[in-house]
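Hi,

Here is the structure I said I would pass on. Have a look at it first, and then read my notes below.

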Amino acid sequence: MESCNFDIIYETGDYLMAREVPGKVAFSKLVTVEVLVDKTLATDREVRMSFVIKNEELPLQINNHCRRMYELVSQAIADNRQWSLIDTVAG
């Protein structure tokens with residue numbers, strides 16, 4: 001999260017919330033990432049996580065700030081050799 005310009009603001013064993021560091025975009029465009037860890041399917045070699053990336057910006061354009069941050073986080077996951085990006089859904 002930190003490499004994508006997010007500060008972790010809340011964390012438990014199976015949930016993490018991070019918010020984009022303020023200063024580069026308007027407050028309404030700041031992106032929040034929620035990470036949900038599915039411990040029910042966890043093994044010694046694999047843990048599944050779901051990422052929800054959102055902000056308060058109305059999606060009037062396809063290539064808006066939230067979409068760009070979504071792509072940044074997705075690319076960071078894909079570039080990490082220890083992680084495997086299984087599926088991605090944007091909406």
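The side chain of T32 makes a polar contact with the side chain of R19, at 3.4 Å. By polar contact I mean a pair of N or O atoms within 3.5 Å; within protein, one must be able to donate a hydrogen and the other to accept it, and residues adjacent in sequence count only if both atoms are side-chain atoms. Before you go further: this is a predicted model, where local features need pLDDT of at least 70 and side-chain atom pairs count only at pLDDT 80 or more, while totals for chains, interfaces and linings use all residues. Residues are numbered from 1 along each chain as its sequence is written, and side-chain values use heavy atoms, with hydrogens and water left out.

Back to T32, which sits in strand β3 (residues 32–38). Is T32 buried or exposed? T32 is buried, because its relative accessible area is 9% (buried is under 20%, exposed over 50%, partly exposed in between, with a 1.4 Å probe and protein chains only). Setting aside neighbours within four places in sequence, T32 touches M17, A18, R19, V52, I53 and K54, where contact means heavy atoms within 4.5 Å.

Now the overall layout. The protein chain has one helix and four strands, in the order β-β-β-β-α along the sequence. These are DSSP runs numbered from the N terminus: helices are H or I with at least four residues, strands E with at least two. The C-alpha trace spans about 40 × 25 × 20 Å along its principal axes, and 25% of the 91 residues are buried.

The helix, α1, covers residues 65–79, and its 15 residues should span 21 Å at 1.5 Å a residue; the end C-alpha atoms are 21 Å apart, so the two agree. (The expected span is 1.5 Å times one less than the number of residues.) At the N-terminal end, N64 caps α1, with a side-chain oxygen 3.2 Å from the backbone nitrogen of C66.

Which residues of α1 are buried? They are H65, C66, M69, Y70, V73, S74 and I77. An α-helix has 3.6 residues a turn, so residues three or four places apart point the same way. The buried residues of α1 pack against β1 (6–11), β2 (15–20) and β4 (48–54).

R67 is also in α1, but R67 is partly exposed, with a relative accessible area of 31%. R67 and M49 lie 18 residues apart in sequence and 19 Å apart in space, C-alpha to C-alpha.

Cheers
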